[in-house]
Structure formats: C-alpha cells, structure tokens
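Me: I would like to learn how the words used for a protein model are decided. Could you go through them with me?

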Amino acid sequence: MNDQRGRVRVEPGQKRVRVYLRGELIADTRHPLLVWEVPYFPTYYIPVDDVLAKLRETEATDRSPSRGTGRILDVVTAAETVGGVAVRYPDSPIEALRDGVRFTFAAMDEWLEEDEPVYVHPRDPYRRVDILASGRHVRVELDGVCLAESRAPRLLFETGLPVRFYLPLSDVRRDLLRPSDTLTRCPYKGTAEYWSVEVNGTRHEDLVWIYRAPLPESQKIAGLACFYNEKVDLIVDGEPWVRPHTPFS
C-alpha cells in the first residue's frame with residue numbers, strides 16, 4: 001500500500017511500535033502506519049484497535065487540506081487525563097488514515113521501535129547515514145578567521161542533507177568556542193551538545209555541535225565536532241565549497 005494525496009504519503013511500517021505516557025503503555029502495534037505529513041520525516045499513526053488507553057473526544061478539531069478534519073482527543077491514563085495529545089481523521093479522504101490515531105510525538109514519555117527507544121520522530125526507512133574516515137584536507141573559516149583545520153575528518157553522508165565534516169577537537173580553535181545550553185536529538189545519531197563561536201567580537205550562536213555518546217550506528221562520530229556547512233566557509237582540498245541551502249540555513 002502506498003496511499004498519497006497532495007504532499008501526504010502513507011505506507012505500512014514493519015516494526016513493532018509501543019508508546020508510553022505517564023508511565024503507562026498506551027499503544028502497542030505490529031501494524032503502524034508511516035505517514036509523511038511533511039517531506040522531511042514521517043510520523044506514526046497507530047491503528048485504533050491497538051490503542052490501549054481510553055481516548056476522549058474534545059470540541060477541538062484540526063483541519064488539514066490533505067487529511068481532512070481531525071478530531072482532537074484527550075488520552076486517559078490511570079494517573080491522569082492528558083489533554084489534546086492525540087488526533088483522528090475518521091472521515092479523511094485518505095482511506096488508510098481513517099482508523100489511525102496520531103499521538104503527539106514529543107508529548108509521550110517514550111516511543112519504542114521493537115525494543116529500542118526512538119527520539120524526535122520515527123526513523124525514515126528511506127534515509128541512510130554513512131560515516132567514512134577520510135584523508136581530505138578540511139579548513140573551516142568564518143569572516144576570514146580559521147575556526148578549524150584537519151587532515152583526519154570523518155565524513156557523514158545523510159540522505160537529503162549536505163555532507164557533514166566531523167573533526168577531531170584537537171583540530172578546532174577551542175579558544176573561539178563559547179558554551180551553549182542547547183541540546184538537540186536526532187533519531188539516527190542521538191543527543192548533540194552545542195557551542196557558539198565568537199569571531200571579531202561577534203557571537204554566532206550554536207554554530208558547532210558534538211555527539212559525545214551517539215547511538216550505536218553512529219559511533220564513528222563520537223567526540224568529534226561539526227560546523228554547519230550552511231553558516232561557515234569550507235575549503236576542502238584547497239577548493240571552496242558553496243554554502244548549501246537547507247532548513248538549517
């Protein structure tokens with residue numbers, strides 16, 4: 001099944017998916033739907049028959065040009081009623097969605113794909129991450145100042161994104177880095193910490209990140225620093241790289 005309408009793509013997932021809220025297992029399915037409501041990543045719709053918690057209808061609705069009118073639902077657990085964290089589209093023009101429930105991903109305590117937790121959003125089966133050791137000469141500059149220079153980068157190739165150059169910390173100008181409280185999560189790599197960079201009296205927020213304890217499939221970038229290609233000047237093997245345009249630009 002591959003049901004499409006407008007920009008929405010729907011297909012069956014093959015992983016067992018469990019959802020926890022307030023410490024309670026509220027959904028457990030072996031037949032999730034992967035739904036691309038936006039082009040960048042999918043979300044899960046859970047068959048209503050596999051929802052274990054009580055769903056309580058509210059007066060609120062969500063109108064989508066592609067999915068139709070959604071009914072906003074409260075989720076009733078043994079501990080409390082959590083308001084507005086689920087939605088159904090029972091009359092959706094996309095037939096596959098009519099019996100599905102979408103839980104707000106970030107509002108849940110935990111999502112498991114099989115027996116492993118997943119963060120931010122489901123892993124996209126069409127997205128691949130390759131990490132390769134390289135001998136390329138990489139220089140990172142900003143406003144004419146060298147921020148890093150390395151001949152031992154790790155190159156991370158991720159579907160849909162520009163190649164990322166992860167550099168040993170010893171090759172980075174640590175004196176230009178400023179601590180940041182920002183943390184982000186990636187379903188493929190784990191939790192990233194950030195630094196800002198101060199150059200010529202100007203502070204550039206959250207320009208460089210590091211995965212200190214990445215997920216097992218991304219261990220090759222553990223403890224390495226990476227700059228946003230979109231916001232710095234990269235010179236690779238003596239050739240300037242054009243800054244790419246991405247959602248992070």
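What follows is a friendly run through the terms, one question at a time.

Reply: Gladly! This is a predicted model, in which local features need pLDDT of at least 70 and side-chain atom pairs count only at pLDDT 80 or more, while totals for chains, interfaces and linings use all residues. Residues are numbered from 1 along each chain as its sequence is written, and side-chain values use heavy atoms, with hydrogens and water left out.

Me: Why is Cys-226 called buried?

Reply: Buried means under 20% relative accessible area, exposed means over 50%, and partly exposed is in between, using a 1.4 Å probe and protein chains only. Cys-226 has 0% relative accessibility, so it counts as buried. Cys-186, at 10%, is therefore buried too. Buried residues make up 47% of the 249 residues in the chain.

Me: What makes the largest pocket a pocket, and which residues lie nearest its centre?

Reply: On a 1 Å grid over the protein atoms alone, a pocket is an open set of points with protein on both sides within 12 Å along at least five of seven lines, whereas a cavity is a set where a 1.4 Å probe fits but cannot get out; lining residues have an atom within 4 Å of a point. The largest pocket is lined by 26 residues, and Glu-158, Leu-161, Cys-186, Lys-189 and Phe-248 lie nearest its centre. β18 gives the most to this lining, three residues. The space inside is about 620 Å³, where volume is the space filled by probe spheres set on grid points joined across faces, edges and corners.

Me: How are the lining residues of the largest pocket divided?

Reply: Ala, Val, Leu, Ile, Met, Phe, Trp, Tyr, Cys and Pro count as nonpolar, Asp, Glu, Lys and Arg as charged, and the others, Gly among them, as polar. That gives 16 nonpolar, five polar and five charged residues.

Me: What makes a group of residues a nonpolar core?

Reply: The members are buried Ala, Val, Leu, Ile, Met, Phe, Trp, Tyr and Cys residues joined through side-chain atoms within 4.5 Å. The largest such core has 24 residues, and Leu-167 and Phe-227 are among those touching the most other members. Apart from it lies another core of 22 residues, including Val-17 and Trp-111.

Me: Which residues is Thr-246 in contact with, and is it buried or exposed?

Reply: Contact means heavy atoms within 4.5 Å. Leaving aside neighbours within four places in sequence, Thr-246 is in contact with Pro-162 and Glu-230. Its relative accessible area is 10%, so Thr-246 is buried. Thr-246 lies in the segment after β23 (239-241).

Conventions:
Helices (H or I, at least four residues) and strands (E, at least two) are DSSP runs, numbered from the N terminus.
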